[in-house]
Amino acid sequence: MAPITLKNVTKVYGDGFHAVDDVSLEIADGEFVILVGPSGCGKSTLLRMIVGLEDITSGELVIGDDVVNDQAPRNRNLAMVFQNYALYPHLTVYENIAFPLRLAKVDNQKVDEQVRKAADVLELGEHLDRKPANLSGGQRQRVAMGRAIVRDAKAFLFDEPLSNLDAKLRGQMRTEISRLQKRLGITTVYVTHDQVEAMTLGDRVAVLRHGHLQQVASPRELYEQPVNLFVAGFIGSPPMNFIPASVADGVATTPFGDAKLPTELADMVGNRESVVIGARPEHFEDASLVDEEAQQQGLLFPATVDVLEWLGNEQYAYVPYDADASMTEQLSELDRELDGEAMRTQLVVSLDASSHITEGEETQLWLDLRRIHVFDPESGDNLTLRELDESRGSSPREAAEHATA
Amino acid sequence: MSASIRERIWWYLAAAAVLVYALFPVAWIVSLSFKEGADIGNRQFLPTQWGWGNYQAAFDSGLFIPALRNSLGISIIATAVAVLLSTFAAYGIARLDFPGKKIILSTALAVAIFPVISIVTPLFNVWRSIGLFDTWLGLIIPYMALTLPISIWVLSAFFRQIPWEMEQAAQVDGATTWQAFRKVIVPLAWPGVATTAIIAFFIAWNDFIFGISLTSTERARPVPAALASFTGASQFEQPTGAISAAAVIVTIPVIVLVLLFQRQIVAGLTNGAVKG
């Protein structure tokens, strides 16, 4: 077990493409860090640089106390789970798990002991004599993890390990990985493009875009205080709504009417010709379900719900609206980058399950202005970053540490 | 349903036609090898009296056993060396990007399609002047020139199918490049190696031109060439029966090899290596 430190790590390919650009990141001993971003953001390249399968163009990679830039993968003592598992098809499950130990010339008795221990943890005991070809996807995944945990590696690296599993299994394996990591307390770097995995697994999440690190923070902080439009749009499902607006004297003019911003926000934004207001679906509510006092803190506006998705515990309402053309273009570009493809400008609104709004009917919606963000459309920066309320705890682990302290 | 039955009948008929066309000469040679004495001219497919006399004659001739030893030795050595070298070469070609890779591959192909007969005469002269004429090595070298290109092509195709990740996983698990190659890549490429070995062995085993041109005595003469120098029991008797018997004998290792390795050739060992 060891901390991993990246200092200004850069990867430039032969054709001059900067896959990873000046990334600095400190991963503490025992920490679970997620690298997340849309496809092509350099997250896998970064992971492969840590494990040693890609050369580092410039910058420094430190594992434990050693600079390992020029060390071969086998000398770094890291364990990696590949996206397609990369099991050895000619070996049994037992020998697959034992492979790293055999290479290290561990004696047979010790190998047997270690393999059975790992197999117990992963409940692979009854499959040890089978070949990988005869296993299900989830079992193969567990064998790949067994190969990683069987030896005393300094850190675990996961490269989208769940992307080949079906949805149900993915959920189970996610919990399994989380439990395993907590139990072993080993430094872990996990690459995924799935923001649900990122939010649920990590102590901290690093969001990458075009090889640049955007924000490294706890899942809660990423969700509540995204530093820019990209992070705001990437984290959260359904995604944050981006509403074009202009602000003058603390009043925001939006397609849904004029909204008086809370003083704190108004001070931070100042007067601006064009801004983007970011509002999560749950920042909206059916106005009839909001009490009088809260209504004062928000923006009430009439809207016609186009499509309604009832999920039991909540419902999503889709409200189309018209926005200024130039702004729409900019937002749809961002959307493309986030692997989305919105056909029209619309609000996605999360309503309480008890709301009786029906499709096609005009109704009153309410937006909580205390919780919105205001972004600069040019730079994408969040103009309204606030201190996260630390007492609520930013991750389960930190919360636990607070509790014990 | 009826259409599919009719289709199947046609398939069987076509297969039978091909089999008869391909195997009839072989059956004829087998039948010939069991005909004794004057029976060879009996104008029938089957011998009137079956006997092992021709086999006896072949082994007794004094030509056949040394030739068989030469053939086996030369073919096995040529195959082993060719497979070993081509495994390394093909791995390099499949895995590494180096200048001149295309040239190596196309040169290998050019060598493979080069007409053998055109190099026999120069080789004969060179071999005589440097003392390789009528030696095992004198045949092994040209056989490797024939087998290496095809082996490299077949094996590099196999290596390309093996996912890169297998090897990377091995390296992360603590293997050196050589260990990864030996413990992961070669076992995975085993069907390819077996296929290549068989092809290489057949090329060497079946060769006639080099065998007859670059040897003169039983020191190095392989079976195909030795068959041509069989003589009958007397000056007036054709050695047809003995030649047939010897031909049957040299066909047996080929058949045995194919039967043994059939499974390896067909097996898709990489199943389950990746997500699948």
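**Reading helices, strands and contacts**

A: Helix 4 of chain B passes helix 6 of chain B in a left-handed crossing. A crossing is left-handed if the near helix is turned anticlockwise from the far one by less than a right angle, and right-handed if clockwise. Helices (H or I, at least four residues) and strands (E, at least two) are DSSP runs, numbered from the N terminus. The model is predicted: local features need pLDDT of at least 70, side-chain atom pairs count only at pLDDT 80 or more, and totals for chains, interfaces and linings use all residues. Residues are numbered from 1 along each chain as its sequence is written, and chains are lettered from A and ligands numbered from 1 in the order in which they are written.

Q: At what angle do helix 4 and helix 6 of chain B pack?

A: Two packed helices are described by the angle between their axes and the distance between the axes. Axes are lines fitted to C-alpha atoms, for helices over the stretch in contact, and angles run from 0 to 180 degrees between N-to-C directions. Helix 4 (residues 101-113) and helix 6 (residues 136-161) of chain B pack at about 135°, and their axes are 8 Å apart. Helix 4 of chain B and helix 6 of chain B are therefore oblique to each other. Angles under 35 degrees count as roughly parallel, over 145 as roughly antiparallel, 65 to 115 as roughly perpendicular and the rest as oblique.

Q: Which residues make the contact of helix 4 with helix 6 of chain B?

A: Helix 4 of chain B contributes B:Ala108, B:Leu109, B:Val111 and B:Ala112, and helix 6 of chain B contributes B:Ala145, B:Pro149, B:Ile150, B:Ile152 and B:Trp153. Two residues are in contact if their C-beta atoms, placed from the backbone, lie within 7 Å. The residues of this contact divide into nine nonpolar, no polar and no charged. Ala, Val, Leu, Ile, Met, Phe, Trp, Tyr, Cys and Pro count as nonpolar, Asp, Glu, Lys and Arg as charged, and the others, Gly among them, as polar.

Q: How do helix 3 and helix 4 of chain A cross?

A: The axes of helix 3 (residues 93-103) and helix 4 (residues 108-121) of chain A come within 10 Å and cross at roughly 130°. Helix 3 of chain A and helix 4 of chain A are therefore oblique to each other. Their crossing is right-handed. On helix 3 of chain A, A:Tyr94, A:Ile97, A:Ala98, A:Leu101 and A:Arg102 meet A:Val111, A:Gln114, A:Val115, A:Ala118 and A:Ala119 of helix 4 of chain A. The residues of this contact divide into eight nonpolar, one polar and one charged.

Q: In what sense do strand 11 and strand 12 of chain A pair?

A: Strands of a sheet pair through backbone hydrogen bonds, either parallel or antiparallel. Two strands pair if DSSP finds at least two bridges between them. Strand 11 (residues 241-248) and strand 12 of chain A pair in the antiparallel sense over three bridges. A:Ala248 stands opposite A:Val251, and A:Val247 has A:Ala252 as its bridge partner. The two strands form a hairpin with two residues between them, and A:Asp249 in the turn has a positive phi of about 50°.

Q: What joins strand 12 of chain A to strand 13 of chain A?

A: A hairpin does, through two residues. Strand 12 and strand 13 (residues 257-260) of chain A pair in the antiparallel sense over four bridges. A:Ala259 in strand 13 of chain A is the bridge partner of A:Ala252.

Q: In what order do the five strands of the open sheet of chain A lie?

A: The order is 13-12-11-14-21, and the pairing is antiparallel. Strand 13 and strand 21 (373-375) of chain A are the edge strands, each pairing on one side only.

Q: How many residues of chain A are in contact with chain B?

A: 23 residues of chain A are in contact with 22 residues of chain B. Helix 3 of chain A gives the most to the side of chain A that touches chain B, with three residues.
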